[in-house]
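Please examine the sequence and the model shown here. The briefing that follows is grouped by topic.

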Amino acid sequence: MDIKFIFQTIKRNSRLIISLAFVGVFLASALTFFVIPKGYSATTQILVTQAKERDNAQSSEVQANIQMVNTYSVILKSKQLLKKVAKEYPQYTSNDIAKMMMITSDSNSQVINLKVNNKDPHVAVDIANTVSSMFVDYTSDLIKSNNVSVLSKAYMEDSQKPSSPNHKVHLAIGLLVALFLSFIIIVLKEVFDNTIKTQDEIEQLLKLPILGTVNQIEKGHK
């Protein structure tokens, strides 16, 4: 298979490729805009510092705070804490709330980012703020050597735009699936197609030169 043959094959099947691409994008659009439910997210930030941090804090103290961020991230998803949160939202269990939460922190940062996903933006904001608030109270009694405070609350105006589904990603996936399917169909057609289409194929098959060709003559108008 040379490059010329590949381009000729693509040209012969261009209608199939374009049709399947259109169908793939159309189906992906229908699923994205009308079938897959919208999701909303709310984010809060939690700051971890020494309980009596001096203005001239040593680098070792800052490093200790950064290491504590990993510990607090684990506590933030602890069963005991989420059970307390679940009491405020009887429609959800502690496991449901844990699945909504996403905890991240930047490298060399004392800030924990708590992101809550929900189909209702109001619920996402409420749960994010409730978890952060209860977490601060919970850790103040659990670990007295550090201070934990809410650096930034979640606000409704920041959560009104849906965070999922990602329309561009879904449309791209639909297009790629359609192109892959068209590739499979074209390959199968070429493999099982035994018809002769060009003069070169005749020469290769019969090992004889072409002496002449008969062109197709269109019927003239009377």
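What share of the contacts in the protein with a separation of 6 or more is accounted for by residues 24 or more positions apart? Such residues account for 73% of those contacts, where contact means heavy atoms within 4.5 Å. This is a predicted model, in which local features need pLDDT of at least 70 and side-chain atom pairs count only at pLDDT 80 or more, while totals for chains, interfaces and linings use all residues. Residues are numbered from 1 along each chain as its sequence is written, and side-chain values use heavy atoms, with hydrogens and water left out.

**Overall composition**

- The secondary structure comprises 8 helices and 4 strands; helices (H or I, at least four residues) and strands (E, at least two) are DSSP runs, numbered from the N terminus.
- Along the sequence, these elements follow the pattern α-α-β-α-α-α-β-β-α-β-α-α.
- The protein has 222 residues, of which 31% count as buried; buried means under 20% relative accessible area, exposed over 50%, and partly exposed in between (1.4 Å probe, protein chains only).

**Packing of H2 and H7**

- Helix H2 (residues 14-35) packs against H7 at an angle of about 150 degrees, and their axes are 8 Å apart. Axes are lines fitted to C-alpha atoms, for helices over the stretch in contact, and angles run from 0 to 180 degrees between N-to-C directions.
- The crossing of H2 and H7 is right-handed; a crossing is right-handed if the near helix is turned clockwise from the far one by less than a right angle, and left-handed if anticlockwise.
- Among the residues making this contact are Leu-16, Leu-20, Gly-24 and Phe-33 of H2, and His-167, Gly-174, Leu-181 and Ile-186 of H7.
- By class, the contact of H2 with H7 holds 14 nonpolar, 7 polar and no charged residues. Ala, Val, Leu, Ile, Met, Phe, Trp, Tyr, Cys and Pro count as nonpolar, Asp, Glu, Lys and Arg as charged, and the others, Gly among them, as polar.

**Packing of H4 and H6**

- The axes of helix H4 (residues 79-88) and helix H6 (residues 121-142) come within 10 Å and cross at roughly 135 degrees.
- H4 and H6 are therefore oblique to each other, given that angles under 35 degrees count as roughly parallel, over 145 as roughly antiparallel, 65 to 115 as roughly perpendicular and the rest as oblique.
- The crossing of H4 and H6 is right-handed.
- Gln-80, Leu-81, Lys-84, Val-85 and Glu-88 of H4 meet Thr-130, Val-131, Met-134, Phe-135 and Tyr-138 of H6. These residues divide into 6 nonpolar, 2 polar and 2 charged.

**Individual residues**

- Ala-42 lies in strand S1 (residues 40-50) and is buried, with a relative accessible area of 1%. Leaving aside neighbours within four places in sequence, the contacts of Ala-42 include Leu-114, Val-116, Ala-128 and Ser-159.
- Thr-9 lies in helix H1 (residues 3-12) and counts as buried at 8% relative accessibility. Beyond neighbours within four places in sequence, Thr-9 is in contact with Ile-186 and Glu-190.
- Ile-173, in helix H7, counts as partly exposed at 45% relative accessibility.

**A cis peptide bond**

- The peptide bond from Ser-164 to Pro-165 is cis, with omega near 0 degrees. Most peptide bonds are trans.
- Pro-165 is placed in the loop between strand S4 (146-152) and helix H7 (167-192).
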